[in-house]
Amino acid sequence: MRSNGRISACGMISQYNLNLEESVRNLSCIIAKQLLVKGFIVSNHFNLYPKNMEMVIPLIKEGKICYIEDIVEGLESAPVALVGLFSGKNVGKQVVVVAHE
């Protein structure tokens, strides 16, 4: 981290199924680099969603923001995709296509 950096934490999906949760190490670096660490809960900010979409959709259309989807085909693939989601095998948003319109 850069000095005076900011770290935001939201969600801990990688920790859900661990018997022993991982812990933060090298806490002295937070002090030495004067870092700000703050957790947030998405549901506390739902009121900002319309404004966010108004700002983000044009950026996606212009190609300035890209997103990655990990797509699997068929409902029969869903269990394996779910296991991959919790074990870190997917990249981006996990999508299961059950029908093409």
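This is a predicted model: local features need pLDDT of at least 70, side-chain atom pairs count only at pLDDT 80 or more; totals for chains, interfaces and linings use all residues.
Residues are numbered from 1 along each chain as its sequence is written, and side-chain values use heavy atoms, with hydrogens and water left out. Local features need pLDDT of at least 70, and side-chain atom pairs count only at pLDDT 80 or more, while totals for chains, interfaces and linings use all residues.

Strand 3 (residues 69–73) and strand 4 (residues 93–97) run parallel and are joined by five bridges. Two strands count as paired if DSSP finds at least two bridges between them. Helices (H or I, at least four residues) and strands (E, at least two) are DSSP runs, numbered from the N terminus. Asp70 has Gln94 in strand 4 as its bridge partner. From strand 3 the chain passes through helix 3 to strand 4, in a right-handed β-α-β crossover. Right-handed means that, with the strands pointing away from the viewer, the path from the first strand over the helix to the second runs clockwise. In a regular strand the side chains alternate between the two faces of the sheet.

Helix 3 spans residues 78–87 and includes Leu82. Ala81 is also found in helix 3. Its relative accessible area is 7%, so Ala81 is buried. The cut-offs are under 20% for buried, over 50% for exposed, and in between for partly exposed (1.4 Å probe, protein chains only). Ala81 and Val95 lie 14 residues apart in sequence, and their C-alpha atoms are 8.3 Å apart in space. Gly84 is another residue that lies in helix 3. Gly84 is buried because its relative accessible area is 9%. Gly84 and Phe40 are separated by 44 residues in sequence and by 26 Å in space, C-alpha to C-alpha. Leu82, by contrast, is partly exposed, because its relative accessible area is 47%.

Leu82 also belongs to a nonpolar surface patch with Met12, Ile13, Tyr16 and Phe86. Together these residues have about 510 Å² of accessible area. Patches are made of residues with over 30% relative accessible area and no salt bridge; like charges are joined within 9 Å, and nonpolar side chains (Val, Leu, Ile, Met, Phe, Trp, Tyr) within 5 Å. Accessible areas come from the Shrake-Rupley method with a 1.4 Å probe, and for residues only the protein chains shown count as cover.

Side chains of opposite charge can pair when their charged atoms come close. The structure holds one salt bridge, defined as a side-chain nitrogen of Lys or Arg within 4 Å of a carboxyl oxygen of Asp or Glu. Glu62 forms a salt bridge with Lys64, and their closest N and O atoms are 3.2 Å apart. Lys64 is exposed, because its relative accessible area is 62%.

The structure holds zero disulfides, a disulfide being a pair of cysteine sulfur atoms within 2.5 Å. Cys10 has a relative accessible area of 37%, so Cys10 is partly exposed. Cys29 is partly exposed because its relative accessibility is 38%.

Most residues other than glycine have a negative phi. Asn4 has a positive phi, near 65°. Asn4 is found in the segment before strand 1 (6–9). Its relative accessible area is 54%, so Asn4 is exposed. Asn26 is not a glycine, yet its phi is positive, at about 60°. Asn26 sits in the loop between strand 1 and helix 1 (28–32). Asn26 is exposed because its relative accessible area is 57%.
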